[in-house]
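Me: I would like to learn how to read the places where parts of a protein model touch one another. Could you take me through them slowly?

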Amino acid sequence: MKHSTFFWFILPSLTLMILFIALPIVSVVIQSLHVEHEQVLVISKSCDPFGCKETTSLDQEAMEKLREDNPLGRFNGLGTYTNRSHFAVEEVSKAWHVSTSFREFWEKVLNLPFYKALTFTITYTIVVTPFVLFLGFAVAVGVNNLPKILKGPTIFVSLLPMIVTPLVGSLILFWMVDGDGIIGATLQRIFNDNSLSLKASASLTWIMLMVYGIWHFLPFSFIVFYAGLQTVPQEILEAAMIDGANKWQRMRNVVVPHLMPLVIFVMLILLMDNFRVFEPIVGFSADAHATSLSWIIFNDLQESAYPLYGSAGATSMMTIIGVIILLTPVLIRTWREFHQKGN
Amino acid sequence: MTILKAQSRITFLSIFSFSMVATWLFIAAFPFVWTLWGSFKVQADFFSKADWTYAIYGVHTTLETGKAFTGGGYYGAWIQEGFYNAVMNSSIVIFFTVVISLTFGTLGGYALARSGYRYAFWILMAALVFRAMPHITLVSGYLFPFFEWNIWGILPTTIIVLVAINQPFTLWILHSFFLNIPREMDESAMVDGCTRFQAFRHVIIPVMWPGVITTGLFSFLLAYNDFAVTTMLLSGENETMVPAIASFMGNVQQEGNVMFAVAAVVSTTAPLFLLVLFFQRQIVSGLTAGAVKG
Amino acid sequence: MFFKKLIVFGAMTTLVVSSVNAANCGPSGKSVRILGSDFPAIHAVAGTAKDNCAGNANVFTVSHKDDTRKIMNAALTPNPAEYTSVIVANSTLTQLMNDGLVRPLNELVKKYGSHLKPHQMITIDGDVMAVAFMANSQHLFTRKDILSAAGVQGTPASIEEVLDAAKKIRAAGIMEYPIVTNLKVGWNVGEVFNLFFMAQGGQHFKSGSAEPNIINQTGIKTLEIMKGIASYAHPDHLTQASNETQGLWEAGKAAIGIMWGSRGGVILDDEGSTAKVTSNTVLSGAPTVGGGSTPAATLWWDGITIAKNIPDDDAEATFAALVSAMTPSMVAKHNDKAVWLIDGFKPGPAAAGVSATAAGGAPSYPMIPYIGLMHNALGAELVDYLKGAESAQQALKDVEAAYVTAAKQAGYLN
């Protein structure tokens, strides 16, 4: 394809992505290298409906001047990346020198917010992705073999976990898995344990979040594989059948290779989205037991009365780098395929 | 044909496959069915801490309204809170997001699939990196410029933002589908004298429907379900469905009207049932048509 | 003669009519754009303001949005700001003041606020930064029937008595987990720390600076109290906030609660609960700690602020419209929607707890610029202690470390 044709075809898409994603990313990187100006505090007296008391407040004029001079703040280099709420370089090395056993060192490290979140995020990603891939493919094959009249309703029902708004969906599930809710009470009866509570135990909360993740993402993998199954060339399948291949052999040698690009694609998207897991943690109020990288960003930006843009920016950068690392094997494969197919 | 028919014997495998699909359908549908049933109850039943079976029998609903079923949630959401306004806004946002997303995405995806140069691969990589950026950070960054230029709180801004954020995904999935369409098709058209764009329009567009429908579905779901972007960029009269539902929920100091939210969720999911039911014939025929032509 | 009577009659009618519409709306033809949370009380105030003065203004919009704090700083930064007024509470006022986004109201109060009470003024060093109209706080809820069945005399007045009562209730086999309170991880559990820390006279920071001051005996005692409460609370307490605690209370599954006064109305009403629960629910002041006299509660106010980056005329019109709504007649129409600070409020049974707590001298939530950072650190780092995974000393050290990191980011510490 000529360069100029390519340019015109991709221009609208590229413009939007540069304006709304690329430029903000640059701005976020810059912001993550800065911290706020030193705040000038004055002691003052504050009065409210309940009385007066001494308090501290900001010297507005001094702050205005500082902000005018240097709107970005003070340059901090990689200071934000190495502070306690990110890589915690100082704390980790101190823990290393002080600890007497690896277990002790590990516990100290897990006490740090970033590493706590990273552990859950990676576990979640590694568990949920393969389950969604395999189960989605299995369901797609199963639905493909259904009689035609059942296909429509089945497809709709299979899409439900993805269609229902996560906000309310997770709230309803939150109440259902509660010890007094239908799922929670049934589980208590199955395991014959009246004090079994999914919300009180960290490991059970992790499992609950991962099950939710699989449930919520399965429709995505299902629909992509289902669409892909419709495009399997019938002649090759028939030829294989004539040659005497059974179902498994046909699956392994014809269907799966044909669907490989889709498998790669789904794996890419799943790894990326699972690494950025966030809504279930808020929906299930699970942050007592599980936090994730995106949750830390949410906490920095929206939960405190003082949005910490630099800190959130640093965590965002670390999320992107984490995703790239996670995707490297898939990317190498795509690179190889690109060279095979394209040129 | 006869070969295929011969394969449809009932085997152990087909029973296993059938029951697996049935189990999945139960798991997928049960929470929604439970919600549908519970949307006709009051909060004390559906979210009961006393006994979950209240949700089935409607104990408090009978106490408070005289009957075991109540339309209170629906009335509150649609009439009292004017939820139809949010649905209208959502429809506008969804329609334009899908149309614009697909238009830009098919053009870009096609270019990326046919390019053959290395920079196409790097653009795809860049798109991947873009997609990895958490949405909260992006949207928080948008607030200051949008307020400054006075474009906050209006639907077009939200539409453009949703399209932009979704472009990486759209490009990837469409380029993947386009790779599966043989080069010979459009190349032979160009040999016959068409420009690249004419080849795209007359040869590729008729066969690209499976990919477009699938991508359109995801764009639709993104615009429909999005919370992070819409809740920060819209307010009041312009709110779409999800932030409107969120506003029914109350906060730590004030009780909200959770049943309004539940009713709203059910009433917006149910029509999709009809949509997909109607659509599924198009989906399946579109997909298989693509298969035959390919 | 007849004409004279007609003229006099006409004049008197006009006088009467105009005095009814005499709400002073300030300059006319201006733009009034109000942003507030989705509370019924805020609907009442903003709605009345709109009824009074929408005719006088060119543009009069009221936006209700929960989580206004997420967008309000960005919304008020440009000139002209997106909104002319934001309705704030203690913590959100400091958020706006940190960025210098609201203006002092002294002149406007003199001009339009003669009917306002002195205790409605929120001042910092003499500058009126907001005008409050309602109050809220946490306080004690008890089930008198369960308490008497367990042999507890009267209503507990201190946290020690609360824990003792819980022990008796459990020993009597009535309830395994009698206490409910908002221990949900994050803002809620941080707030519980504040309640008991400040009731002992604890100061979060060293005077005049942003240096933390929580690693001391007061802090440790606070954590021990929290642990005590948690041991009598439902095992899922780390996921429970107001919706869940209210649900537990209304289902009759709790006997002693520390909950928000604003939930009192909905707990006592005849929806969602049984007569046995509602008739036996007693609202009283928050408990004291360790023999002290300060109730373990934080007092919150909600009030109006006026943006800085708007034309002075718009500011004047907005202020005039909003204070025109702060009258006894508005309160009379919406009496039970909040604990009003305006004249004419008649406290109902749902307001008893907040009134008692305020009368008991509870502290108000601090209006310090960096309290939010400390609150966030508390909310995140106390969980491990409550789960029994670390000691009180270590938990406080973690809180301090998290706070210091955030404060350095925000420029409050070096």
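Me: Which residue of chain A forms a salt bridge with B:Lys49, and how far apart are the closest N and O atoms?

Reply: Please keep in mind that this is a predicted model. A salt bridge is counted when a side-chain nitrogen of Lys or Arg lies within 4 Å of a carboxyl oxygen of Asp or Glu. In this case the partner of B:Lys49 is A:Asp178, with 2.9 Å between the closest N and O atoms.

Me: How many salt bridges are there between chain B and chain A, and how many residue pairs are in polar contact?

Reply: Between chain B and chain A the count is three salt bridges, and 12 residue pairs, both at pLDDT 80 or more, are in polar contact. Helix 2 of chain B supplies 15 residues to the side that touches chain A, which is the largest share. Sorted by class, that side of chain B has 74 nonpolar, 17 polar and six charged residues.

Me: How should I read the size of an interface, and what area do chain B and chain A bury?

Reply: The size of an interface is often expressed as the accessible area that is lost when the parts come together. For chain B and chain A this comes to about 9,200 Å² buried between them, with 80% of it on carbon and sulfur atoms. On the side of chain B, the residues that lose the most area to chain A are B:Trp24, B:Trp52 and B:Phe130, which together account for 8% of what that side buries. Counted by residues, 97 of chain B are in contact with 91 of chain A.

Me: Which domains does the assignment give within chain B, and what separates their centres?

Reply: The domain assignment divides chain B into domain 1, covering 2–74, and domain 2, covering 76–293. Taken over C-alpha atoms, the centres of domain 1 and domain 2 of chain B are separated by 29 Å.

Methods:
Residues numbered from 1 in each chain as written. Chains lettered and ligands numbered in written order. Predicted model: local features only at pLDDT ≥ 70, side-chain atom pairs only at ≥ 80, totals over all residues. Heavy atoms only, no water. Domains from an automatic or database assignment. Contact = heavy atoms within 4.5 Å. Buried area = accessible area lost by both parts, 1.4 Å probe. Polar contact = N/O pair within 3.5 Å; in protein donor to acceptor, adjacent residues only side chain to side chain. Helix = DSSP H or I, 4+ residues; strand = E, 2+ residues; numbered from the N terminus. Nonpolar A, V, L, I, M, F, W, Y, C, P; charged D, E, K, R; others polar.
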